[in-house]
Amino acid sequence: SIWGFLTNTNYLGVKTTQGTSEFFIKKCVDVIICFCFSANSLFGMGNPLLDISAVVDKDFLDKYSLKPNDQILAEDKHKALFDELVKKFKVEYHAGGATQNSIKIAQWMIQEPHNVGTFFGCIGKDKFGEILKQKAKETHVDAHYYEQDEEPTGTCAACITGDNRSLVANLAAANCYKKEKHLDLEENWKLVEKARVYYIAGFFLTVSVESILKVAKHASENNKLFCMNLSAPFICQFFKDSLMQVMPYIDVLFGNETEATAFAKEQDFETEDIQEIAKKAQALPKVNKKRQRIVVFTQGKDDTVMGDKIETFPVLKIDPKDIVDTNGAGDAFVGGFLSGLVQEKPLDQCVKAAHYSANVIIRRAGCTFPEKPDFK
């Protein structure tokens with residue numbers, strides 16, 4: 001609408017012809033679009049983890065009974081692993097956790113202004129918590145953590161051997177988020193109200209359904225966009241009731257083909273066709289009738305299924321030998337998509353940004369990225 005206005009008007013005395021004046025107008029549009037979203041326009045809430053990665057040896061894997069390429073939750077026998085990893089090897093730290101990853105990717109795609117993304121979650125009052133706060137700040141995400149001293153900050157160790165990465169996650173404090181002690185506080189709720197787009201990964205259903213519902217209802221009542229991710233098959237299976245409490249408020253539903261199939265089975269959709277599952281998920285009851293639900297299902301290297309008409313969109317091609325790590329691909333995809341949503345771009349542009357983000361991240365170890373995106 002801005003472009004249509006400018007191209008039919010003499011703007012600041014400049015006639016709208018091809019060439020220099022058109023370039024000038026496009027620059028004006030860029031400036032206006034920049035002011036259409038600001039700090040705290042995007043809100044995320046989830047399980048914050050400090051990612052700790054290091055190249056280790058086989059003896060270290062054997063000591064903690066780790067497979068070279070695996071993803072597990074920490075058990076009692078792994079409690080000493082995180083401190084030993086830091087003491088024994090050269091480590092890198094990154095702000096992690098599914099939702100926080102997506103928010104920081106969205107911020108990276110947007111670049112300016114900083115702090116477009118707000119993030120809530122629970123950490124411990126410890127050294128890992130202090131590092132996590134610093135790492136979130138470095139990604140220009142406005143993180144407001146609920147800090148408590150009963151559990152340590154959640155961590156995820158990435159033990160690298162050759163081309164393999166063994167991931168060990170200790171959720172710890174991430175499981176301790178309390179609505180009444182953080183989300184309900186006036187200064188925090190004001191940040192929620194500032195946002196126009198909301199995103200929460202399904203993993204947070206295991207922590208605080210009441211927090212999710214408060215945010216989801218606010219979004220619905222104010223005709224804002226509430227987005228959620230199926231996140232894992234076990235969420236669809238074992239937290240089905242919690243998921244379906246939130247489903248009526250979901251405007252954009254993300255998931256991959258495995259999660260979509262698990263969701264369909266639990267909902268008795270009687271189909272394994274991803275496009276049909278998307279249609280049936282889209283048709284589930286919805287509170288805000290002003291927005292039709294958008295369903296976005298990725299399928300690895302195969303086409304992404306998306307849109308109100310359930311269309312398919314091809315992913316960016318990549319040589320298999322250039323793939324370093326696919327673990328952060330889903331989070332990156334969502335982050336790219338959110339960067340488009342918060343800038344009010346059309347859905348096809350949102351999925352284009354999502355494919356670009358995922359393509360960048362799978363070429364690198366962990367959910368990391370270069371200084372600036374090369375996306376047009």
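A residue counts as buried when its relative accessible area is under 20%. The legends below describe close-up views of a predicted model.

**View 1. Strand β9 and its burial.** Strand β9 comprises residues 197-201, and five of its five residues are buried, so the strand is largely enclosed by the rest of the structure. V197, Y199 and A201 point one way from β9, while Y198 and I200 point the other way. Residues on both of these sides are buried.

**View 2. The strand partners of β9.** Strands of a sheet pair through backbone hydrogen bonds, in either a parallel or an antiparallel sense. Strand β1 (residues 42-45) pairs with β9 in the parallel sense over three bridges, and G44 has Y199 of β9 as its bridge partner. With strand β10 (residues 225-229), β9 forms five bridges, again in the parallel sense; here the bridge partner of Y198 is F226 in β10. Between β9 and β10 the chain passes through helix α9 (residues 209-221), giving a right-handed β-α-β crossover.

**View 3. The open five-stranded sheet.** The strands of this open sheet are arranged in the order β3-β8-β7-β2-β4, and their pairing is mixed. β3 (70-73) and β4 (91-96) form the edges, each pairing on one side only. From one strand to the next, the twist averages 20 degrees. Within the sheet, strand β2 (residues 49-55) and strand β7 (residues 155-161) run parallel and are joined by six bridges. D51 stands opposite C156 of β7.

**View 4. Helices α5 and α6 across the sheet.** Helix α5 (residues 98-110) lies across β2 and β4 and runs at about 90 degrees to β4. Helix α6 (residues 127-138) lies across β2, β4 and β7, and its angle to β4 is about 70 degrees.

**View 5. Backbone geometry in the loop between α5 and β5.** Most residues other than glycine have a negative phi, and most peptide bonds are trans. Q111, which is not a glycine, has a positive phi of about 70 degrees and is located in the loop between α5 and β5. Its relative accessible area is 24%, so Q111 is partly exposed. P113 belongs to the loop between α5 and β5 (117-124). The peptide bond from E112 to P113 is cis, with omega near -5 degrees.

**View 6. N40 in the loop between α2 and β1.** N40 is found in the loop that lies between α2 (20-36) and β1. Its phi is near 70 degrees, a positive value in a residue other than glycine. N40 has a relative accessibility of 5% and therefore counts as buried.

Terms used: Residues are numbered from 1 along each chain as its sequence is written. This is a predicted model: local features need pLDDT of at least 70, side-chain atom pairs count only at pLDDT 80 or more; totals for chains, interfaces and linings use all residues. Side-chain values use heavy atoms; hydrogens and water are left out. Buried means under 20% relative accessible area, exposed over 50%, partly exposed in between (1.4 Å probe, protein chains only). Helices (H or I, at least four residues) and strands (E, at least two) are DSSP runs, numbered from the N terminus. Two strands pair if DSSP finds at least two bridges between them. A crossover is right-handed if, with the strands pointing away from the viewer, the path from the first strand over the helix to the second runs clockwise. Axes are lines fitted to C-alpha atoms, for helices over the stretch in contact, and angles run from 0 to 180 degrees between N-to-C directions. Contact means heavy atoms within 4.5 Å.
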